[in-house]
Amino acid sequence: MMYGRGLRGLALATALTITVAFALVFFYAPLDANQGFIQKIFYIHVPLAITALCGFVFGGVLGAMHLRTGDRKWDIRSYVAIHMALIFGIGTLFTGTIWAKASWGHWWVWSDPTLTSFLIVMLLFATYQPLRFSIEDPERQSRYASVFAVVAGAFVPLNFLAVRLAQPYVHPRVLTLTGGNLPGPMRLTFVVALVGVALLYVTLWKYEMAAKSTRAQVRALRRMLLGEDSVTPLKRSAAPS
Amino acid sequence: MSVFAVAPALPLHAAGKYVAGAYIVFLAIVLIYVAIMATRLARTERELIELRRDVEERRRQEDGSAPSERSGSSDREREPVA
């Protein structure tokens, strides 16, 4: 599959959407009555968190596809999806702690179930790469990693529901199934920012898949043209080859 | 009432550095990722150059042992790799 196909258009759409989102954040969305200017962090922090959590679930779905078909391309896709979600998750943690410090005066509030549960999800998925690295046989590595991705991916929505039901919480609840309590301009800004961050996730996923696919093709070409001995064996790695 | 709801709004000069910090973190993460990917791309490019060199070297060796088969391969040699 050509992962690079459409990548340029996607990258341009991402850059455009994120630029528009930032312009809306700083020049269109009104200041929050309680939080003031500091609430602007919401437009980057929450989309990053939603995209990261969806990325983990996406990785689980791709892992399930690998277990179903046995085709290793699904394992590579799952690996990249989780890898990208971890990066977005790190962004969520950093922007969240900055917002917490400005809002609550603390970098971290352990009593808040949303913060703690997100950290648990991050720590859970942080064990994905060491798990892969600990298994030498590529076949077993990809199978075990897919099982992990499915189980941990299923944990994400369950965890989300559990946190939603938790009382009391410190985190604000501005997004609900009934529409939430965001005013129109704020909601529009948030939706554009969410689309921008989601597009960024898809673009970077495709970008990394294209890079991995190209490298694999170069190795395959070398093997085909010059024989098996010409290809240096890959070092032990957490990344699927 | 939650702590969040009663938190007073910070004045702009105090809030600005936190907001800037959050957005800079986001941009920094994207830039660091793109830089890492650029390094990997450079490695793939090096591998491709090595492959081309090895293939040309092998072709030269084969041509040396069988000079009559040389014709017809010159067009392919001129093809750009990337």
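**Briefing: helix packing and the contact between chains A and B**

In this predicted model, 36 residues of chain A are in contact with 29 residues of chain B. The side of chain A that touches chain B draws at least two residues from each of α2 (42-69), α3 and α7 (184-226) of chain A. By class, that side of chain A has 21 nonpolar, 10 polar and five charged residues.

**Chain B**

- Chain B contains three helices and zero strands, and from the N terminus on its elements run α-α-α.
- Chain B has 82 residues, of which 7% count as buried.

**The largest nonpolar core**

- The largest nonpolar core holds 61 residues, and those that touch the most other members are Ile41(A), Phe56(A) and Ala22(B).
- At least two residues of this core come from each of α1 (7-27), α2, α3, α4, α6 (138-165) and α7 of chain A, and likewise from α2 (12-65) of chain B.
- Helix α3(A) provides the largest share of this core, namely 13 residues.
- Leaving aside residues up to four places away in sequence, Ile41(A) touches Thr95(A), Ile98(A) and Trp99(A) in chain A, and Tyr18(B), Val19(B) and Ala22(B) in chain B.
- As general background, nonpolar side chains tend to be buried together in soluble globular proteins.

**Packing of α2(A) with α3(A)**

- Two packed helices are described by the angle between their axes and the distance between the axes.
- For α2(A) and α3(A), the angle is about 160° and the axes lie 7 Å apart.
- Because this angle is over 145 degrees, α2(A) is roughly antiparallel to α3(A).
- The crossing in which α2(A) passes α3(A) is left-handed.
- Sorted by class, the contact of α2(A) with α3(A) has 15 nonpolar, 13 polar and two charged residues.

**Packing of α3(A) with α4(A)**

- Helix α3 (residues 72-104) of chain A also packs with helix α4 (residues 113-126) of chain A, at an angle of about 145° and with the axes 10 Å apart.
- Here too the crossing is left-handed, as α3(A) passes α4(A).
- On the α3(A) side, the contact is made by Ile82(A), Ala85(A), Leu86(A), Gly89(A), Thr92(A), Leu93(A) and Gly96(A).
- On the α4(A) side, the contact is made by Leu115(A), Phe118(A), Met122(A), Phe125(A) and Ala126(A).
- The contact of α3(A) with α4(A) has nine nonpolar, three polar and no charged residues.

How values were computed. Residues numbered from 1 in each chain as written. Chains lettered and ligands numbered in written order. Predicted model: local features only at pLDDT ≥ 70, side-chain atom pairs only at ≥ 80, totals over all residues. Axes fitted to C-alpha atoms, helices over the stretch in contact; angles between N-to-C directions. Helix = DSSP H or I, 4+ residues; strand = E, 2+ residues; numbered from the N terminus. Left-handed = near helix turned anticlockwise from the far one by under 90°. Contact = placed C-beta atoms within 7 Å. Nonpolar A, V, L, I, M, F, W, Y, C, P; charged D, E, K, R; others polar. Core = buried A, V, L, I, M, F, W, Y, C linked by C-beta atoms within 7 Å. Buried ≥ 20, exposed ≤ 12 C-beta atoms within 10 Å, placed from the backbone. Parallel < 35°, antiparallel > 145°, perpendicular 65-115°, else oblique.
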